[in-house]
Every structure is written in C-alpha cells, then in structure tokens.
Amino acid sequence: MSQGPRSGLAAVSSALLAMSRHLEVRDVLKTIVASARELLDAQYAALGVPDDHGGFAQFVVDGVSDAQWRAIGPLPRQHGILAAMLHEAEAERLADVRKDPRFEGWPAAHPDLVDFLGLPIKDGDEVIGALFLANKRCAKPEGSCGFTQDDEELLAILAQHAAIALTNARLYERSRELTIAEERSRLAHELHDAVSQKLFSLRLTAQAAAALVDRDPARAKGELHQVACLAAEAVDELRAAVVELRPAELDEDGLVATLRTQTKVLDRAHSARVTFTSNGFRALPAAQEEALLRVAQEALHNALRHSGADRVDVSVERHGGGAVLRVTDDGSGFDPTAVRRAGRHLGLVSMRDRASGVGGTLTVESAPGKGTTIEMEVPGG
C-alpha cells in the first residue's frame, strides 16, 4: 500500500522539476500540459493563455497529433467552459462537458471530450491561463466523472507551480528582449562606424583615381582596384551585420534548417567554401538552440573575416541527450593564450558566456598556421 503514494509523489516531483528546467514560455507551456496529462492519466490536455481580445495568445495541447490539430482549425475563443474558468476563476469538474448548459460545440475535427477537469492558473488575483484535462483513463459508471476530488487538488498544486514557472519564463523573455535591444544598439553603432569609415576611404580613393586618370593611368588603375576592394569590404560589413541583427526564425525552421540556410548564404557571399552537416540532431529547448546559433554565427564571422580560410565546415550532431556544434576552418589560426594576453578575444568571451548561460561548454583548438576549431557542447533539455 505504501508504494502508491511514493510513486505519486515521485511523479509530482518529476513534473515540477520539468517545469522549472525551461525558461522559454512555449517550452514551459508544453511541459505543464504534458506533465498534467501524464500525472492524472488523461487522454487530452490543453492550456490556454488569454489575450486582450477575447481569444488566446497561446494555446498548447497534448494528446492530439499535429495533423488533428491542423484539421481543427483556428485557436478557440474564450467562450463556454473556457470563459468560465478564465472569468470566474473557479475549478470545473464535469461528468460530460457536452451536457453542460454552457457548452457551445466544437469543430468537426475536434476529438470528443466527455469527463472534464479544468482549473485557472493564477498569478495572485490575475488569471494568466486555463489548464484543463479530458477523458480520464479509468473505469467509470455511465454519467459519472472519472476525475476525482483528489485529482482536482493535485491539479491545483500543479497549477500553482505552473503560475510560478510561467511568470519566471515571461520575466526571462522580457529580460532577453532588453538584452537583444542593447545588442542591436551596439551592433548598429559598430555598423555605422565600420561602414562609414569604409565609405569615406572609398570616396577619397575614388577622388584620387579621378585626379590620376590623365597623367598617370597606371596609378589610377591601382587606385580603382583599391576602390573595388573597399566596396567589397563594405558589403561584407553589411552582410555580417544583417545576419547578426536579424534573429533566425528558430520556432518555425529549427536550428538545423536555419544553420543550413545561413551557411548556404555565406558560401555564396564569400570566396571560402562553407559547408554544413548534421547527424542525429534532436530539437532542444529554445534557449539552447539560440545559443548554438549565435556561437555558430560568431565563429563563422571570425573564420571568414580574420582567418583567410579556404574552407569552413559547420556541423551539429546529437551527443547523449544534448548536442555538439563544431565550426572548423583551415585558416591562419592563432595562439589562444597570446590572444587572451593581448586583449583581442575575437568574440571568444561572448561565445563562452553564451555556452555557460545554457549549461554548456566551449572549447577552442587553434595554433598559428593550423586553422581553428570551435566546439560547443550543450546538455539535453
């Protein structure tokens, strides 16, 4: 008899730990829903975060396939039982949701829900979401609800911790947005300074070429060649800044597709050969994928701008539950200790910070004339 409570406590503990492990709002929502469905042994679970216009800003489901979800159609509105949970902020436990007088139907592709348990997720007095389960997997007499009072109390505990996890994730995302805004501002200043200098040099060189074209054509030709080089450098500055300023759509494309696209663009834009391979990579939490992407971008920038490499290879592969990113070039290489002493970090500090920020590690292998390998390893989410 004692085995049951311990198993239940272990399941609750696992669910709470899983919620606290993620920092991205979308990841937190998915974890809450999956944990609730597993913990209470329900066929379906969903969580909606309301917007200010009578709908849902986010709506996450578990137990429904992607194809089913697409067939269901647009996100639900705040009506019927959902509205009751959001506006009355009370738990709802029903034997048959379809027989409730507030029931307003659902799309043709929607699965049939029968017994139902729903709870608001509250941050203080504010309702920040609605969590509900349907179709308890258990034997139940006709017309009775499979969800019990104990289930409701357990879900209430989960909802309280869900509120904390969701609030923390929102604060994290706001903090990250501020960091991104600061980074954009810094990059904008760098872009302005670098490109302005290039264009100023380009204008002076072009003026010198124009003055020499009649009396010294050979020197004028040399100056025009310099104009072409300066123009190419200005274009490189712009391309590098655009890649860094424009965040990749990781939510839609994923890390592998995003890296593949970016390396193809860089391969066309530079004389060096840029390749990408992936092996067994599994999707990771959004923060880890973004960190991997940013480190790859920084390493590519260094290789293409500073190393004189003829070839740069990027790879990402599964490593245990996590992943390993490698960016290898055959360029001039450098002495990492000498660079550190000279204060020229080539972005290494930034890359190490990004790696450690998601629980990962960064290693650098390089030597003069031997090329460079940047390797970042992150654990599973």
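Start with confidence. The protein chain averages a pLDDT of 80, and 80% of the residues score at least 70. Where pLDDT is low, predicted coordinates should not be read in detail.

Now the overall make-up. The protein chain contains 10 helices and 10 strands. Of its 381 residues, 41% are buried. Take the contacts between residues at least 6 apart in sequence: 61% of these join residues at least 24 apart.

Next, the charged pairs. Side chains of opposite charge can pair when their charged atoms come close. The structure holds 12 salt bridges. One of them joins Asp 62 to Arg 37, with the closest N and O atoms 2.6 Å apart. Asp 62 sits in strand β2 (residues 56-62) and Arg 37 in helix α2 (residues 25-40), so this bridge ties together parts that are 25 residues apart in sequence. How accessible is Asp 62? Its relative accessible area is 21%, so Asp 62 counts as partly exposed. The cut-off matters here, because buried means under 20%.

A second bridge pairs Lys 140 with Asp 115. Here the closest N and O atoms are 3.5 Å apart. Both ends lie in loops: Lys 140 in the one between β5 (126-136) and α5 (149-212), Asp 115 in the one between β3 (92-94) and β4 (116-123). The pair therefore ties together parts that are 25 residues apart in sequence. Lys 140 is partly exposed, at 31%.

Asp 267 and Arg 273 also meet in a salt bridge, at 2.9 Å from N to O. Asp 267 is partly exposed at 23% relative accessibility. Arg 273 is partly exposed too, with a relative accessible area of 43%. Elsewhere, salt bridges with shared partners join Glu 92, Asp 100 and Arg 102 into one network.

Turn to the aromatic rings. The distance of the centres and the angle of the planes describe a pair of rings. The structure holds 5 aromatic pairs. In one of them, the rings of Phe 59 and Trp 69 have centres 6.0 Å apart. Their planes meet at 5°, so the pair is stacked. Phe 59 belongs to strand β2 and Trp 69 to helix α3 (residues 66-72), so the pair ties together parts that are 10 residues apart in sequence. Phe 59 is buried, with a relative accessible area of 8%. Trp 69 is partly exposed, at 25%.

Phe 116 and Phe 132 form another stacked pair. Their centres are 5.5 Å apart, with 25° between the planes. This pair links distant parts of the chain: Phe 116 lies in strand β4 and Phe 132 in strand β5, 16 residues apart. Phe 116 and Phe 132 are both buried.

Which residues make up the aromatic cluster? Phe 56, Phe 59, Trp 69, Phe 116 and Phe 132 form one cluster. Both stacked pairs described above thus have their rings in it.

Notes. Residues numbered from 1 in each chain as written. Heavy atoms only, no water. Salt bridge = Lys/Arg side-chain N within 4 Å of Asp/Glu carboxyl O. Helix = DSSP H or I, 4+ residues; strand = E, 2+ residues; numbered from the N terminus. Buried < 20%, exposed > 50% of the residue type's maximum accessible area, 1.4 Å probe, protein only. Contact = heavy atoms within 4.5 Å. pLDDT = per-residue confidence, 0-100. Phe/Tyr/Trp six-rings, centres within 6.5 Å; stacked < 30°, edge-to-face > 60°.
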